[in-house]
Amino acid sequence: MVSKYKTADASFDNLLRIFTVPEGPDSTLTRIEEELSRNLNQFLREHIVAEEKPLKEIEKDFSDPHIPELPEFVSDHTQHLMDTLVSQSVHTASPSFIGHMTSALPYFLMPLSKIMIALNQNLVKIETSKAFTPLERQVLGMLHRLIYGQSDSFYQQWMHSADHSLGAFCSGGTVANITALWVARNNALKAQGDFNGVEKEGLFKAMQYYGYQGLAILVSERGHYSLKKAADVLGIGQDGLVSVQTDENNRLCPNDLQHKIQMLKAKNIRPFAVIGVAGTTETGNVDPLREIAQICQIEQCHFHVDAAWGGATLMSDTYRHLLDGIELADSVTIDAHKQLYIPMGAGMVLFKDPNAMKAIEHHAQYILRQGSKDLGSHTLEGSRSGMAMLVYASMHIISRAGYQLLIDQSVEKAKYFASLIQEQHDFELVSQPELCLLTYRYLPERAKQALPHASAEEKAELNILINALTKFIQKKQREMGKSFVSRTRLNPPRWDHLDTLVFRVVLANPLTTHEILQSVLKEQREIAATFAPQLLKQIEQYCQQILPSHP
């Protein structure tokens, strides 16, 4: 396919220019840089198209499999990206896009990211990172201290120890969770007698040696989907990820955890790890971490806390009590690209014991040599960027007190939105916010009146109709592009634990106002009335059957 833009000669002199000479002051790229620097949010507002374009249409812009034979000019290609890519991106920073866990970013991260990219450090080893390695070790120490609160002498001893690591930076919560469970598995099947450990001899020989019929990881019904990947990758199998019942507040039930552990042991299956969730993806609830820790101590299970979402709550003196017991965990996952307001691609796993990661230690002669301080010896990923620099900078520029303000306002905003929903005659709050997530649904007034009088069969049929309405409103709201909420499925007691479709919102963006939240409900109500009158009529008629005596 021939490019519609002007092309240049593929000469070596021209190539050298793009490595050494910046674009001119009037170029498209320079103009974009200036706009981003002046007002990041305004740039995104102006250049991301609100009206959604069908994915099939977008795919047409990215359907040519040929690598171009001739180079395009930088400004021309930049304009191409603006027209085809930027305009059809998701406006994650928008204060009215409250459906996902991404948020607006502090403006200072833009120029700092340029420095990080320009330096292009590789944190797999000291030779390609130098000062970035001790910086990353300090950031891991800061987060470790936030969770475990050890003494200053502890961190002086272990933070920069060549033979130890307090944790690992990674691309996100999935890799962090896999790393934690990798450590747990290797420690459960460690070298003993004439057995050289699972990392050397493999899972089959390890199971033979220890005499187990299987391995198991236990997590609540609200556990993140990444845990299935972990079970698969570690050779445990997805069937080895055992689901534990949750209560009416979406928190793991300790009694059922104990019951499931005993059932597994009776089958000679080793429950080697239990995961407590601190901020479920769907509802933001926190498992009873202290009770889980006590069970894990008795049963000698590795206790991992998936706090990818809720871990930042520890920054707040007001709300850190919600994560009571997290300091008892053997390992903890935190995502900096969530409530630490860092760009995507910054996850961490922290280990209470500085020796824990020896279970997955790897060395090579040309890299990661024994006794070096190379971080790659304890990480699943090899080459990694210097994202720790952005976390380090944010910790200093925002500070712990600043993060407390951000966390507190997000939780208080969720409480406000919950109370606003409960005041409406045609909305239903499904899950109360514990952190800054909540779920709700549009429930026409007549359906609200009929619900308490409905039989089990009538409630099931009504739920199907409301599910259809919820799906329609959510999709239409996304297509219109003014605001956005996501949707998920829950099993609330009020609806007899039926498969219930609900709106899900995350209120972490500090730019989201009470007025915006009011407008989100108003828009959903208007979408139902304007675009789904037939469905509303169907719901009205069905409710009339449930309440024939009501006018």
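In this predicted model, an open sheet of 7 strands is arranged in the order β1-β7-β6-β5-β4-β2-β3, and its pairing is mixed. The two edge strands, each of which pairs on one side only, are β1 (167-170) and β3 (241-244). Averaged over the sheet and with direction ignored, neighbouring strands are turned by 20° against each other.

Helix α9 (residues 173-188) lies across β1, β2 (214-220), β4 (269-277), β5 (302-306), β6 (331-335) and β7, and it runs at about 150° to β4.

T313 is found in the loop between β5 and β6, and because its relative accessibility is 1%, it counts as buried. Leaving aside neighbours within four places in sequence, T313 is in contact with Y319, R320, L323, Q339, I407 and L435. Y341, in turn, is found in the loop between β6 and β7, where it has a positive phi of about 60° although it is not a glycine. Most residues other than glycine have a negative phi. With a relative accessibility of 3%, Y341 counts as buried.

A second residue with this backbone feature is H497, which is not a glycine either and has a positive phi of about 60°. H497 is found in the loop between β10 (486-490) and β11 (500-506). Is H497 buried or exposed? Its relative accessibility is 53%, and it therefore counts as exposed, whereas Y341 counts as buried.

Another pair of strands forms a hairpin, in which β8 is joined to β9 through 5 residues. Strand β8 (residues 427-431) and strand β9 (residues 437-442) run antiparallel and are joined by 4 bridges, and the bridge partner of F427 is Y442 in β9. Strand β8 is mostly covered, since 4 of its 5 residues are buried.

The empty space in the model can be considered next. Rolling a probe the size of a water molecule over the atoms shows where such space is left. The largest pocket has a volume of about 1000 Å³, and of the 28 residues that line this pocket, L36, L40, L105, M110 and S113 are the closest to its centre. The elements that give two or more residues to the lining are α2 (28-38), α3 (40-47) and α6 (109-119), with α6 supplying the largest share, 7 residues. By class, the lining of the largest pocket has 18 nonpolar, 8 polar and 2 charged residues.

The lining of the largest pocket, by contrast, has 2 charged residues.

Conventions. Residues are numbered from 1 along each chain as its sequence is written. This is a predicted model: local features need pLDDT of at least 70, side-chain atom pairs count only at pLDDT 80 or more; totals for chains, interfaces and linings use all residues. Side-chain values use heavy atoms; hydrogens and water are left out. Two strands pair if DSSP finds at least two bridges between them. Axes are lines fitted to C-alpha atoms, for helices over the stretch in contact, and angles run from 0 to 180 degrees between N-to-C directions. Contact means heavy atoms within 4.5 Å. Buried means under 20% relative accessible area, exposed over 50%, partly exposed in between (1.4 Å probe, protein chains only). On a 1 Å grid over the protein atoms alone, a cavity is a set of points where a 1.4 Å probe fits but cannot get out, and a pocket is an open set with protein on both sides within 12 Å along at least five of seven lines; lining residues have an atom within 4 Å of a point. Grid points are joined across faces, edges and corners, and a volume is the space filled by probe spheres set on the points. Ala, Val, Leu, Ile, Met, Phe, Trp, Tyr, Cys and Pro count as nonpolar, Asp, Glu, Lys and Arg as charged, and the others, Gly among them, as polar.
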